[in-house]
Every structure is written in C-alpha cells, then in structure tokens.
Amino acid sequence: MTLTLLVHPLASFCHKVLIALYENATPFEAQIVDFADPGSAAALLDKWPVGKIPVLHDGAAGRTVPETSIIIDYLQQHYPGPVRLLPEDRDRLLQVRLWDRFYDLYVSVPMQKIVTDRIRPAGAQDPHGVAEARAMLDVAYGMIEAHMPGKAWATGDDFTLADCSALPGLFFASIVHPFADGQQQLAAYLERLMARPSVRRVIREAQPYFSMFPYREAMPERYLESR
Ligand SMILES: N[C@@H](CCC(=O)N[C@@H](CS)C(=O)NCC(=O)O)C(=O)O
C-alpha cells in the first residue's frame, strides 16, 4: 500500500482527512497512533516532531505530509478522485481555503480547548481559556448561521475541503457547546454533513472509542446509534 495515514479513529483532525480519503475511495493503510504507548508516540515524533495527527506517508514518493489541509491538497494533486475538494477556479478556491481555516481555527481549536481542559490534571484547569473558547464558538456559530442560507455545503453547491474541516469541529462542538435553539441553518448543515456516506463511515469507526471522549455523558443517544 502506497499511502499510510498515522491516525486515531476518535481524533477530530483525523476525521477531516478520513472524510477526504473516503470521498474519493482513495486506498490507504491506517496506522493507529497510541499516545500512551512510547513506541507508537516515538514513531509519530520521528515523522513530525510537533506530535500532531494525522500524518500521511507516501511510500511511493518517499514523502511525509503533515497538517490536514496540506494532506488533502497533496491527495488532490497526486491521488485525485471524482470529488474535487479544492476547486480549480482561483476565486472559489479562496473561499474554500477561507472556510477551511475558519472551521479549523474558530470551531475545532476552541472545541479542543473545552474538551482537553476536562482531562487536565487536578488544579491545572484553565477556566478563563475555556470561557474564551466558548465565546469564540458563539461567534463562529453566529457567523455560520448567517453564512449558510442558500448553500448546501460550506461554500456553495459543491462538497469541498471546507466541509471536511467543518464536520469534525461541528460534531464535537455541538456536544460540548450546544447550538442555540434558533440556529436552524447551523443545525441543518450539521445534519447534511452527518448524512454524507464518508461522514457516516468516519463516525461509525469512531463509535467504539466514544467511551474515551471526555464529554461522553453529553453525547446525544443518536450519535451512538449504528450508522
Ligand atoms: N493543525 C493540525 C492539528 C492537528 C491536531 O490538533 N491533532 C490532534 C488530534 S485531533 C493531536 O494530534 N493531538 C495530540 C496532542 O496534541 O498531543 C492539523 O490540521 O493537522
């Protein structure tokens, strides 16, 4: 197998790249990273010293590709499939890149802050940082609600990189910081994402690990149903 993805089935940024791979039925081998296993963690650090997953290794090209947006761009350049996740048109591409950054930085990152604060050692919690993260999610939710009318996907009619980014952030954020009742565009967009076959597969593969999620008790029952 040419492509190997260092990955964990519960990790939200891994979901972003898995969705892209499943959208195009790109063959790859998943190598699960276990941060609790020093050997597994060392193998990741050897490839990408910042220690973040996912990381793609292309055996045929002898290249290691980190960072989710770069990985998806690399896949499109070197292993294209029927679903074009980065549009050719430069202006449309700018919109896709903008909303990719938006979902990573202003939805996924604050969501991660709320989640990881819960598993910090006793006395090391950061309530101020968590309050800032919740305030950022409120801003981001409001922006998505205003942006989505008339759009099926993050930037229009086509499913793109920006949707790959949106799903994991919104999925976990909706658990740790629920949408407001009136945010129907936002809720409907998450439902459309959840119905996508690539996303159903990612969630199905994550389900055996949901017991490890620090906010497991807040997870809606329907997220636990077979998909
Ligand atoms: N900017 C990175 C973020 C990746 C990231 O935060 N990955 C998380 C998993 S969802 C991780 O590796 N966390 C492990 C850690 O921080 O120790 C990307 O887009 O690839």
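**Close-up views of a predicted model**

**View 1. A network of salt bridges links K16, D100, R101 and D104.** A salt bridge is a side-chain nitrogen of Lys or Arg within 4 Å of a carboxyl oxygen of Asp or Glu. The structure holds eleven salt bridges. The model is a predicted one, in which local features need pLDDT of at least 70 and side-chain atom pairs count only at pLDDT 80 or more, while totals for chains, interfaces and linings use all residues. Residues are numbered from 1 along each chain as its sequence is written, and side-chain values use heavy atoms, with hydrogens and water left out.

**View 2. The protein as a whole, for orientation.** Eight helices and four strands make up the secondary structure; these are DSSP runs numbered from the N terminus, helices being H or I of at least four residues and strands E of at least two. Along the sequence they follow the pattern β-α-β-α-β-β-α-α-α-α-α-α. The C-alpha trace spans about 50 × 45 × 35 Å along its principal axes. The radius of gyration of the protein is 17 Å, which agrees with the value near 17 Å for a compact globule of 227 residues; this radius is taken over C-alpha atoms, and the globule rule is 2.2 Å times the number of residues to the power 0.38. Of the 227 residues, 49% count as buried, where buried means under 20% relative accessible area, exposed means over 50%, and partly exposed lies in between (1.4 Å probe, protein chains only). Of the contacts with a separation of 6 or more, 66% are between residues 24 or more positions apart; contact means heavy atoms within 4.5 Å. The protein exposes about 10900 Å², of which carbon and sulfur atoms supply 55% (Shrake-Rupley method with a 1.4 Å probe; for residues, only the protein chains shown count as cover).

View 3. D58 belongs to strand 3 (residues 55–58), whereas Y74 is found in helix 3. Beyond its neighbours within four places in sequence, D58 is in contact with T2, L3, R63, Y74 and Y79. Y74 counts as buried at 6% relative accessibility. With neighbours within four places in sequence again set aside, Y74 contacts L56, D58, A61, R63, V65 and Y79.

**View 4. The salt bridge between R97 and D73.** The closest N and O atoms of R97 and D73 are 2.4 Å apart. This pair links distant parts of the chain, with R97 in helix 4 (residues 90–117) and D73 in helix 3 (residues 68–78), 24 residues apart. R97 counts as partly exposed, at 30% relative accessibility.

**View 5. The salt bridge between K113 and D126.** The closest N and O atoms of this pair are 2.6 Å apart. K113 lies in helix 4 and D126 in the loop between helix 4 and helix 5 (127–147), 13 residues apart. With a relative accessible area of 24%, D126 is partly exposed.

**View 6. The salt bridge between R222 and E191.** A distance of 3.0 Å separates the closest N and O atoms of R222 and E191. R222 is in the segment after helix 8 (197–206) and E191 is in helix 7 (residues 184–195), 31 residues apart. R222 is partly exposed at 37% relative accessibility, and E191 is partly exposed with a relative accessible area of 34%.

**View 7. Backbone features at P54, A25 and E67.** I53 and P54 are joined by a cis peptide bond with omega about 5°; P54 is found in the loop between helix 2 (38–47) and strand 3. A25, although not a glycine, has a positive phi of about 45°. A25 is placed in the loop between helix 1 (12–23) and strand 2 (29–32) and counts as exposed at 64% relative accessibility. E67, likewise not a glycine, has a positive phi of about 70°. The loop between strand 4 (63–66) and helix 3 holds E67, which counts as partly exposed at 43% relative accessibility.
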